[in-house]
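I open the notebook for a new structure. I will look at its charged pairs and then at its nonpolar cores.

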Amino acid sequence: MAFDHISLKGRALRLLSGREHSRAELERKLRPHETEPGELARALDDLEAKGFINEQRVLESVVHRRAAKMGAARVRQELQAKGLSPDAVAQAVADLQDSEVERAREVWRKKFGAPPADAAERGKQMRFLASRGFGGDAIRRVVSGCDDDH
C-alpha cells in the first residue's frame, strides 16, 4: 500500500491541502506515524520555515468559517483547541465581540425570524443562541430587541 510509505512531511502537506492546520494539530495527527524521535519536529520545523504552517492563517481561517454562525465563546474554544497562542486567540475574540450582537441577530433571524410568543419560546431561542456560543448580553439584546419590533 503506497500510503504506508508517505513521509511525515508528505502526510502534513496532504492535511494542509484540505484546510489550514496549526502545528499542534499536525503534531497530534502525525505523532502515530513518527518512526524516530525528533523526525516529526524536524518535518514541522521545515514546513513552518517554508510558510506552509502559519498560525495567523489558521486563526483567520477559523474566524472566517465560524464567525457568521458562532459566538465569540465558541470561536475561542475552537481556536484554543487548535493550540494557538493565547495572545492571538484573545485578540481574535476581542475583535469578534465588537460584532457579537449583529452576528447573534443574524443567526437568530435565520433560525427563528419571529419574536418569541411566550416564555417557553423565549427560553428556547435564548438556549439556541447560547449553544452557538453567544454571550448573555448579546442574547438578551437580540431576543428582547425582537420584542421591541412590535
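**Entry 1: a pair in helix 7**

Is arginine 103 buried or exposed? I looked it up in this predicted model. Arginine 103 has 10% relative accessibility, so it counts as buried, the cut-off being under 20%. I then looked for its partner. The side chain of arginine 103 meets that of glutamate 100 in a salt bridge, 2.7 Å from N to O. Glutamate 100 is buried too, with a relative accessible area of 8%. Both residues lie in helix 7, which spans residues 100-111. They are 3 residues apart, or about one turn of the helix.

**Entry 2: another pair in helix 7**

I stayed in this helix. Glutamate 106 and arginine 109 also join their side chains in a salt bridge, at 2.5 Å from N to O. How far apart are glutamate 106 and arginine 109 in helix 7? They are 3 residues apart, so about one helical turn separates them. Glutamate 106 is partly exposed, at a relative accessible area of 32%. Arginine 109 is partly exposed as well, at 45% relative accessibility.

Which residue forms a salt bridge with glutamate 78? I found arginine 65, with the closest N and O atoms 3.3 Å apart. This pair links distant parts of the chain. Glutamate 78 sits in helix 5 and arginine 65 in helix 4, 13 residues apart. Glutamate 78 has 18% relative accessibility, so it counts as buried. Arginine 65 is partly exposed, with a relative accessible area of 33%.

How many salt bridges does the structure hold? I noted 14. I also noted a network of salt bridges that links Arg23, Glu27, Asp45 and Glu48.

**Entry 3: the nonpolar cores**

I turned from charges to nonpolar residues. The largest nonpolar core has 14 residues. Leu59, Val75, Leu79, Leu84, Val89 and Leu96 have the most contacts inside it. Helix 4 (55-66), helix 5 (72-81) and helix 6 (86-97) each supply at least two residues of this core. Which helix gives the largest share? I found that helix 6 does, with 5 residues.

Leaving out residues up to four places away in sequence, valine 75 touches Val62, Val63, Arg66, Ala67, Met70 and Leu96.

Key:
Residues are numbered from 1 along each chain as its sequence is written. This is a predicted model: local features need pLDDT of at least 70, side-chain atom pairs count only at pLDDT 80 or more; totals for chains, interfaces and linings use all residues. Side-chain values use heavy atoms; hydrogens and water are left out. A nonpolar core is a set of buried Ala, Val, Leu, Ile, Met, Phe, Trp, Tyr and Cys residues joined through side-chain atoms within 4.5 Å. Buried means under 20% relative accessible area, exposed over 50%, partly exposed in between (1.4 Å probe, protein chains only). Helices (H or I, at least four residues) and strands (E, at least two) are DSSP runs, numbered from the N terminus. Contact means heavy atoms within 4.5 Å. A salt bridge is a side-chain nitrogen of Lys or Arg within 4 Å of a carboxyl oxygen of Asp or Glu.
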